[in-house]
Amino acid sequence: MSRDDSNARPQNMSPKTDAESEWNERYASREQMWSGRPNATLTQEASSLTPGRALDVGAGEGADAIWLAMHGWTVTGLELSGVAIERAQGHAAREQVHVDWHHAGLLDATLDPGAFDLVTVHYLGVPRSPENLAETALISLVAVGGTFLMVQHAFDEHHPAHHAGRDPHDTVSIESVVAVMGRSWKVLVNEDREREAPASGAGSHHRNDQVLRAIRLS
């Protein structure tokens with residue numbers, strides 16, 4: 001998820017985890033992992049929202065967080081990989097926008113509950129736990145009246161999840177998030193959509209997404 005720089009690491013960060021090292025290696029293996037453009041679902045769904053405080057979980061190289069900042073949002077980008085964060089910082093500097101980058105994993109991040117008017121999560125690969133810790137952490141960050149937007153690849157017989165190197169039951173998913181939302185939430189969108197895939201780069205072979213958009217009522 002981002003590039004490692006010990007000088008940029010927040011004081012409360014622990015030594016690199018196996019997951020962080022794995023993502024650092026993946027990012028370091030190529031000059032640019034993603035397309036550099038914001039995800040189309042984000043631009044479609046967030047364009048109608050009134051800008052406020054936004055959190056991009058798994059911010060990667062920063063395209064989504066930077067798009068939000070360019071459209072009036074006060075943005076926090078949460079990213080596990082130090083390699084990706086350094087690239088995101090450079091991208092933001094070139095676009096002359098400010099993003100508050102947090103170098104941490106979801107469960108290690110020091111973020112205030114209910115602080116964000118928009119929490120956006122694209123293609124998150126966080127392991128599940130029996131206690132649903134990650135799902136609970138995600139939705140707890142949304143303010144009352146705020147929006148939760150999650151996008152994941154929709155797997156089918158042509159693109160089965162097991163062929164992508166993971167079992168969907170082992171990672172946080174739209175289904176596992178909806179299961180913990182309860183009556184405090186109203187689901188506005190939960191559907192599969194044809195994806196506007198980039199011409200090249202990671203993820204270019206996926207043609208369909210599952211999209212969740214929900215609003216926190218209380």
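## Threonine 120 and its surroundings

Beyond its neighbours within four places in sequence, threonine 120 is in contact with Leu42, Leu55, Asp56, Val57, Leu68 and Leu149 (contact: heavy atoms within 4.5 Å). Threonine 120 is found in strand 4. Helices (H or I, at least four residues) and strands (E, at least two) are DSSP runs, numbered from the N terminus. The relative accessible area of threonine 120 is 0%, so this residue is buried (buried: under 20% relative accessible area; exposed: over 50%; partly exposed in between; 1.4 Å probe, protein chains only).

The model is predicted: local features need pLDDT of at least 70, side-chain atom pairs count only at pLDDT 80 or more, and totals for chains, interfaces and linings use all residues. Residues are numbered from 1 along each chain as its sequence is written, and side-chain values use heavy atoms, with hydrogens and water left out.

## Strand 1 and its partners

Strand 1 is largely enclosed by the rest of the structure, because four of its five residues are buried. Strand 1 pairs with strand 4 in the parallel sense, over four bridges (pairing: at least two bridges found by DSSP between two strands). Here aspartate 56 stands opposite threonine 120.

Strand 1 also pairs with strand 2 (residues 74-79), again in the parallel sense, over five bridges. Alanine 54 has valine 75 as its bridge partner in strand 2.

## Helix 3

Strand 1, helix 3 (residues 63-70) and strand 2 form a right-handed β-α-β unit. Right-handed means that, with the strands pointing away from the viewer, the path from the first strand over the helix to the second runs clockwise.

Seven of the eight residues of helix 3 are buried. They are Ala63, Asp64, Ala65, Ile66, Trp67, Leu68 and Ala69. Their cover includes helix 2 (40-46), helix 4 (82-95) and strand 3 (100-103). Glycine 72 follows helix 3, with a positive phi near 95 degrees.

## Nonpolar cores

The largest nonpolar core has 28 residues, of which Val57, Val119, Leu138, Phe148 and Val177 touch the most other members. Such a core is a set of buried Ala, Val, Leu, Ile, Met, Phe, Trp, Tyr and Cys residues joined through side-chain atoms within 4.5 Å. Strand 1 (53-57), strand 4 (116-122) and helix 6 (174-181) are among the elements that each supply at least two residues of this core. Helix 5 gives the largest share, four residues.

Leaving aside neighbours within four places in sequence, the contacts of valine 57 include Leu78, Leu106, Val119 and Leu138. Another core, of 23 residues, lies apart from the largest one, with Ile66, Val97, Val99 and Leu149 among its members.
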